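Take a look at the structure first, then read on.

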Amino acid sequence: MTGKKYLYLVGLAWALLMAIPFTKAYAQEHHAAEAKAETKEEASKFNASEIIFGHVSDAHDWHFFSIGENHISLPLPIIIYSKTKGLSIFSSAKFGHEGHREVYNGYTLDEHNKIASEDKSESFYDFSITKNVLSMLIGVVLLLIIMLNVAKKYKQNGANVAPSGFQNALEPVIMFVRDDVAKPTLGAKYQKYMPLLLTLFFFIWINNMLGLLPGGANFTGNITVTACLALISFIVLLINANKHFWGHLLNPPGVPLPIKFLLVPIEIMSLFIKPIALAIRLFANILAGHIIILSIISLIFIFSKMGQNPAAGYGFSIVSLAFSIFMFFLELMVAAIQAFIFTNLTAVFIGQAIEDAHGHEEHDHHHEEATA
Amino acid sequence: MELLKPALGLFFWALLAFMIVFLILKKFAWKPILNMLNERETGIANALQTAEKVKGEMSAMKAENEQLMKQAHEERSAMLKEAKEIKEKMITDAKELAKTEANKIILDAQEQINRSKMAAITEVKNEIGLLSVAVAEKILRNQLSQDSAQDAYVKKLTEEIKMN
């Protein structure tokens, strides 16, 4: 019972914290209204899509909240390599604040918060530590601390001591990845792929959960990140695929020649669709979760701006809170489920590529069902 | 559409971080953890197997014990039976012996009694013979004290001899 109460409290606290960044919206709007002297109607318009997309996009500073004109945000390092200017590293604070951007070293931030060069013809590479990169680094450090401590405990206690603490919490998850993901899909050679599957699973999971924190970055809901992870599993698949797999792909046995001309391109396409599906699935799920939660909270502000009286907004905040708490629990589940699905599908795809000749057909069907 | 544009920097950092995390965790976390899990599982499997084996041995021992108990029971009852038989035999033997001994004693006694009786009877007979001779002497003395009587007797004796 106390556990349940605790969960509710955490949910409530989270939802309240989640609403804090919206003070930025007020501040900006206020500022805009004063500076540009817009009509009252325009000023009271709350641009939910801008707010939401601002939150789910990557940024060069980590904005926490704003009080009036003061934006409380963490400036992040900008790292740019350009052929003409070489490497330049500086703080994103040099670009000034949103609304009044400044030019530094020939670079500035455009309307999408992307780095733009003053000289349009100049090409440069942006390796900045963005909000997403920092969030990932925090996730990585957490992951390393947790896992190395758990490993240390295993080493200290030896095999025959019952697990305790964090070790006890992680052991079923590790066992789950091993027994329910790796073993059924990869067969006897599962041990070779265990480190990859475990790293993928925990990397995605911890970053999914960090993204759910108030003010957290949308790291795993970024197409670049999911594409990177999908590319890793695709490369592992390509490296480990056996002759049988390539044979079936490029020269399907027992198929008439004219059909082969049709089938082989489809098979090759399906090979490349696998990682694309992996990337888009994770990206879309996490992004959708973020957008839904942000939209529900935005509703409070939309309602409060509807009439002359913000009472509708206050009233709706209760509904909004309830909804966002519900969504938060759902997203907590989705965080684990999407990590599992990504890992499982990686295992399934690798499993198809390393499968031996026997029992191929039957397995294929299974895998296709799982993919669907 | 801005969301669907991949960013080179983020890709680079994500790839680098994932690779480093993968290599570190592979060597220092997954390997020991998976090894320990395997070791524990084999340990548990072995322990279960040993337990099963011991259980089998126990049941075999139990059966053996039962067999031994049964044998001991049988031996005991056999011994009891034997002892009973010996006891009975001893009793019968003793009885037999006692009987023969008693008979012998009785026979001896009877013989003794007979002997004593015969002796007594002989003695009595001798005594009676002596007494009757004395009595006859006395009577004869008394009857033949007179001369006529002596003559008459002699006469009689002679007559008897004549008659023969």
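Helix H6 of chain A crosses helix H7 of chain A in a right-handed sense; a crossing is left-handed if the near helix is turned anticlockwise from the far one by less than a right angle, and right-handed if clockwise. On the H6(A) side the contact includes A:Val177, A:Val181 and A:Ala182, and on the H7(A) side A:Tyr193, A:Leu197 and A:Phe201 are among the residues involved. Contact here means that the C-beta atoms of two residues, placed from the backbone, lie within 7 Å.

A word on conventions: this is a predicted model, in which local features need pLDDT of at least 70 and side-chain atom pairs count only at pLDDT 80 or more, while totals for chains, interfaces and linings use all residues. Residues are numbered from 1 along each chain as its sequence is written, with chains lettered from A and ligands numbered from 1 in the order in which they are written.

H6(A) also passes H11(A) in a right-handed crossing. Here A:Val177, A:Val181 and A:Ala182 are among the H6(A) residues in contact, and A:Thr343 and A:Ala347 among those of H11(A). The two pairs are set out below.

| Helix pair | Axis separation | Angle |
|---|---|---|
| H6(A) and H7(A) | within 10 Å | roughly 130° |
| H6(A) and H11(A) | 8 Å | about 25° |

Axes are lines fitted to C-alpha atoms, for helices over the stretch in contact, and angles run from 0 to 180 degrees between N-to-C directions.

Now for the core. The largest nonpolar core has 64 residues, and A:Ala182, A:Tyr193, A:Leu197, A:Phe201 and A:Ile204 touch the most other members. H7(A) supplies the largest share of this core, 14 residues. Such a core is a set of buried Ala, Val, Leu, Ile, Met, Phe, Trp, Tyr and Cys residues joined through C-beta atoms within 7 Å, where buried means 20 or more other C-beta atoms within 10 Å of a residue's own. Leaving aside residues up to four places away in sequence, A:Phe201 touches A:Val177, A:Ala339, A:Phe340 and A:Thr343.

Across chain A, buried residues make up 33% of the 372 residues.

Technical notes
A residue is buried if 20 or more other C-beta atoms lie within 10 Å of its own, exposed if 12 or fewer, and partly exposed in between; C-beta atoms are placed from the backbone. Helices (H or I, at least four residues) and strands (E, at least two) are DSSP runs, numbered from the N terminus.
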